[in-house]
Amino acid sequence: MKWPAFGYVRASTLDDVWRLQAEHGDGARILAGGQTLLATLAFRLSEPELLVDITRVAALGGISEAGGTLRIGALTRHAELGRDPLVARHAPLLAEAVPFIAHPAIRNRGTIGGSLAYADPAAELPACVVALGATIVLASAAGERRVPAASFFTGLLETALRPGELIAAVEVPIATPAHRSAIVEVARRSGDYAMAGLAACVTLDGPRVAAARLAYFGVGNGPVLAQGAMAALQGRALGAESIAAAQAALARDLDPPSDLHGPPEMKRHLARVLTARALSRFLPATEIAA
Amino acid sequence: MSARVEITLTVNGERVTRGVEPRRHLVDFLRLDLGLTGSHAGCEHGVCGACTVRVDGDIVRGCLVLAASLDGADVTTIEGLTDSGEAEDLQAAFVARNAAQCGFCTPGMVMAAADILRHHPEATRDEIREHLSGNYCRCTGYQAIVDAVEQTLVARRGDAR
């Protein structure tokens, strides 16, 4: 279907955005890469009065490193995330996630801020920022506030964003040499949203797991941090036994809804398979061969 | 609040200025306002890839870009790609391999395939399939399409050696 009629204004600064939001209230919608918003408008899922294009607001772009933190501007497009040297070095999980996101033509437009704001439960980047223990920087006319990624996603397609706020950036703690990360997923076709997926971050202390964060996607209302599975790994040597314990704990951690892909038990099965796939990658090469 | 927005942009090397309705997407702008009907409007919600064009050198879904947002942009369509001769060998391979059946997906498919030629000249067959995975061919003629792209890449690599 064609888009409904709406107005269009390009904002040059954040002050432009605040002014337009004050004038139009709920009728104003933020337009970034547009790869979700414009598709949903084609279904007439909403009829905004005004689209406020923020893609040329310089304050929302750029990738930089300071004080042990990698700051990724909300307007960073998926394709940029996939080829940026700072991301590759300091948050390799995000670079690894990019090829799973839709298709090249969409990755050239879609932004990390947009993906996080939409909070699709089967999307990769929300799970990645939760696994990384990242912080979401929110801006409004009143200033900035910071929300841990794990508290940002509050429900199905719902976030901690308040009216008048937008995502300014994502701050990711820089990966240490002991940090390991992996993203794995099962999708019917390349580029589709995942039937189930896992973004995993583990800090190793020799063979032992000092800390683990497992964020599953496509199996709940948003990214699901599997507390039981994480506890099952914590402090133990990473190996067949601890991986099996983590898999077993998923029975309590995950309560996947039935969806068009299949019933909850199938999703739990996929989550167990993905858990072994991801964690096995952190084993020394000899153990993988065995 | 849907007043026309004036944009000046470059399309296939020519500078154009038009007033567009905000709801006009790039493919309709190309087809209906500029008469460039090579880019096809298929699903119009970003799934099929028939509307693939280049904006500032990168391929995009033409149906998921507002024409109004393109002031200052540089757009290349299948017409511009053809005129430049940049993908002449690829287009010849599409014909030779019968990779265009009904032809509806072909312009978008060629734009996406030309992106492989430009940015991934060493792409394997699997990588070609992956790169084209967002372009649907409802005749299901994928083998011939991948063959045509692979043949072009191999020939170019041969020429370079």
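Predicted model: local features only at pLDDT ≥ 70, side-chain atom pairs only at ≥ 80, totals over all residues.
Select both sides of the contact: chain A puts in 27 residues and chain B 26 residues. On the side of chain A that touches chain B, the elements giving two or more residues are β1 (7-10), α2 (37-42), β3 (50-53) and α6 (104-107) of chain A. Colour that side by class and you will find 15 nonpolar, 7 polar and 5 charged residues.

Next, colour chain A by domain. Domain 1 covers 7-53, domain 2 covers 58-172 and domain 3 covers 180-284.

How far apart are the centres of domain 1 of chain A and domain 2 of chain A? Taken over C-alpha atoms, the separation is 19 Å. Where these two domains touch, 10 residues of domain 1 of chain A are in contact with 14 residues of domain 2 of chain A. Select helix α1 (residues 14-24) of chain A: this helix supplies 4 residues to the domain 1 side, the largest share. By class, that side of domain 1 of chain A has 5 nonpolar and 5 polar residues, and no charged ones.

Now show strands β1, β2 and β3 of chain A as a cartoon. In what order do the 3 strands lie in the sheet? The order is β1-β3-β2 (chain A), in an open sheet with parallel pairing. β1 and β2 (28-31) of chain A are at the edges with a single partner strand each, so one side of each has no neighbour in the sheet.

Zoom in on one pair. β1(A) and β3(A) run parallel and are joined by 4 bridges. Within this pair, select V9(A); the residue opposite, in β3(A), is V52(A). Bring back helix α1(A), which lies across β1, β2 and β3 of chain A and runs at about 170° to β3(A).

V52(A) is among the residues with the most contacts inside the largest nonpolar core, which has 144 residues.

For the last stop, centre on L93(A). Leaving out residues up to four places away in sequence, L93(A) touches C128(A), A131(A), L132(A), S181(A), I183(A), A199(A) and C201(A).

Notes: Residues numbered from 1 in each chain as written. Chains lettered and ligands numbered in written order. Core = buried A, V, L, I, M, F, W, Y, C linked by C-beta atoms within 7 Å. Buried ≥ 20, exposed ≤ 12 C-beta atoms within 10 Å, placed from the backbone. Contact = placed C-beta atoms within 7 Å. Nonpolar A, V, L, I, M, F, W, Y, C, P; charged D, E, K, R; others polar. Domains from an automatic or database assignment. Pairing = 2+ DSSP bridges. Axes fitted to C-alpha atoms, helices over the stretch in contact; angles between N-to-C directions.
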